[in-house]
Amino acid sequence: MSGRVLVGVKRVIDYAVKIRVKPDHSGVVTDGVKHSMNPFCEIAVEEAVKLKEKKLIKEVVAVSCGPQQVQETIRTALAMGADRGIHVEVSGKDYDNMGPLQVSKIMAALAKKEEAQLVILGKQAIDDDCNQTGQMTAALLDWPQGTFASEVTLEGDKVKVVREIDGGLETIKINTPAVVTADLRLNTPRYATLPNIMKAKKKKIANVKPADLGVDMASRVEVLRVDEPPQRQAGMKVETVEDLVGKLKEAGRI
Amino acid sequence: MNINKIIALSRSANIGKHLLLCGVRQTGRADQLPQRRSFKTHARSLAYAKDLFLGQVNKAEVFPYPEIGNEELEEINQFVAPVEKFFNEDVDSKKIDHEAKIPPETLDGLKQLGLFGIQVPEEYGGLGLSNTMYARLGEIISLDGSIAVTLAAHQAIGLKGILIAGNEAQKQKYLPKLATGEHIAAFCLTEPGSGSDAASIQTRATLSEDGKHYLLNGSKIWISNGGMADIMTVFARTEVTDKNGVKQDKISAFIVERAYGGIISGKPEDKLGIRGSNTCEVAFDNVPVPVENVIGEVGAGFKVAMNILNSGRFSMGSAGAGMIKKLIEMTSEYAATRKQFNRKLSEFGMIQEKFAVMAMNAFVMESMAYLTAGMMDRPGVPDCSLEAAMVKVFSSEGGWICVSEALQVLGGLGYTKNYPYERYLRDCRILLIFEGTNEILRMYIALTGMQYAGKILTGKINCPAFRLETIVDEQLVLKRVADVLINLYAMTAVLSRASRSISIELRPKHDLPVILSNVHRLRARCSKAAHWSSRGCLSLILTVPAPLTPGINVSHFQTASLSVVAELYLHPLKSDFAFLHQNTVAIHVISFHNIYTL
């Protein structure tokens, strides 16, 4: 086994920022807004670095797709302990329309090219909440997948994954190479300390284009309109249960 | 000639101006000014504030506003993110204040982030960041006063001595562990009997018989990190025999390890603010210090102390600005939601004024701090002690006023411990006291500048006997001189930054009103300080030599009138700042007081 792990990281609007919709309703305002690494991607990077520290794998490669700015996100991953980065250049219209399908095609192509043993991704991104990239990547590669992982253990050439599912916790054992997506309780990501950020400056980030990987970036999805969630309406207080039932009947709810 | 005659002269302003301006103008050419200190590199005019005392504005020093390269900018942004995250998530300032202690986990987190060795060079295990970057990180660290002071006591003064005046062996031995935070440093100068009067310290270091050790005896107070420091920079009197064979007691600087034994730290002081920072007495009882641990030369310790203090002062500007910006954030949320008289607080003029004050102060403090940091980062060995002192005085007082105003906006709520305002207020009161009290720094600014100007003018003006002695006691006069200079420097910083903003078209429309109001306000402070008193203290004339661009109304102001106006502020309305680059703005500082008395 190559001992190489591919980790996908996405640059998203910071979780603490108040999102505003663009006046033309074509999307949200991203100019001048604080961006950072998707929290689930941070957990994925942390898991990969932990595996390396336990000497179970040899190399961690951080991958991100997007314009020039995603290099900051890759650098953060490098500062957390990744060995090198790959920046897949996607900009303009292609970037606006980029979704899980395109990213999973890129990840699949890279996983084959880099002969990765494991691909670790965040379970979903906090901007689009798709929860699809990991699953699609596994399907394109025809690899097993361990999604919503809250615990990952490497056992020889197999991986034991404890998954958080609606019913509780499910433990599965899958063959490598495999795709794993990280859930919230997998680990607590470390801070990228300043000395590590300085060391990370020396690590390499390779530039690749989707065309080089033979990936077609055309989107099958078109965003028609983006709106804010409806304003919360004021509630009503009632005195008795009969009142409540009456009001609900009036509103046509029952 | 006596004072009265000079005052009479000065009242007929033209003559007075002419008399002294002739002399001043002749000396006011930067290339003719002798360098007072020996600089290791080329002799470019490295004094900005000092030359203000001569009526010379060294535009090349302050225009354009110092810029950092793109790579450095990216680096700073990368650094800022984890530090901000740490302070937002893992620092419980309320708990630190309440328990008067920084939890070990928090200290560990700070150590791992690398914040204990920000300016230590990389080869010794630190981050090796420039002054500008240090100032930028200071903005975030200041979110918690106790942590800020702990870190500053460790690296801005504690280990600075080794950094700037230590020899290679000392650096190799001590810096690596200090940079990672494994050892914590402290700066021990102040004694029960010697606070502002630092030169009068009594702690003694006597050379042992075999000449290999000094025995340290004495006690120090108000030592930050005193209880937990492993390495201390201690100042003590040593007997020095000068070249004439005369024995004198001069101050030397020593690196003292707690491991040497004989060091007793008192119990932590119960302070008003920065309660999480450990401050205590440190007593030395026959502590053996190896002679190799003397920093610099024996007997040259006072200079070392002053250099250390001067080098760290400027960061108070950005720390204060960071704190104020945070306060604006918190206060504006409140003012935008709270309603009284059926209107939001933010609609009331007096509340808006408070925000204006806070915004202006933050802008000025930032501008001054980064201008000074930029000047210090330039190659050569710039002497920015005066500028740093000005930044400190302005920022400490500005910060105090702003915190008070922010608390006022919240009214009763601001007064409770449920909100952080009272803690910010208590934490920031110390800024006016430590690192040189503002009173001392004002004297320093005024006297150093006058001394510099006096030395140069003495040779040039053809008048008998200029004497400086009596000015030293005229504190009220010195205070006004210092205030004028501080405000002038503040104006310079604001104009420099604004002119850069406009020339690179960085949101010019938004910055302009801020700049104008800033300069307007500062010149008002300037004129207040320069107000003519019955003792004929000081007069500030700002003159622009000639009409520069058609349509600019340039006026000459003379001391005939009691009010003084700084004309710089008019120009942004009429043209762009390019004119400042092209033309000389001469500031003539004329003191009709004892300094020029005969």
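Student: Which residue is the bridge partner of Val7(A) in E4(A)?

Tutor: Happy to start there, keeping in mind that this is a predicted model, where local features need pLDDT of at least 70 and side-chain atom pairs count only at pLDDT 80 or more, while totals for chains, interfaces and linings use all residues. Residues are numbered from 1 along each chain as its sequence is written. Strand E1 (residues 4-8) and strand E4 (residues 59-66) of chain A pair in the parallel sense over five bridges; strands are DSSP runs of type E with at least two residues, numbered from the N terminus, and two of them pair if DSSP finds at least two bridges between them. In E4(A), the partner of Val7(A) is Ala62(A).

Student: Thanks! Which are the edge strands of the open sheet?

Tutor: The sheet has nine strands with mixed pairing, in the order E9-E8-E7-E10-E6-E1-E4-E5-E11 (chain A). An edge strand here pairs on one side only, and in chain A that picks out E9 (168-175) and E11 (205-208).

Student: How many salt bridges does the rule find across the interface of chain A and chain B?

Tutor: The rule asks for a side-chain nitrogen of Lys or Arg within 4 Å of a carboxyl oxygen of Asp or Glu. One pair that meets in this way is Lys201(A) with Glu75(B), at 2.7 Å, N to O. Across the interface of the two chains, the count of salt bridges is two.

Methods:
Chains lettered and ligands numbered in written order. Heavy atoms only, no water. Helix = DSSP H or I, 4+ residues; strand = E, 2+ residues; numbered from the N terminus.
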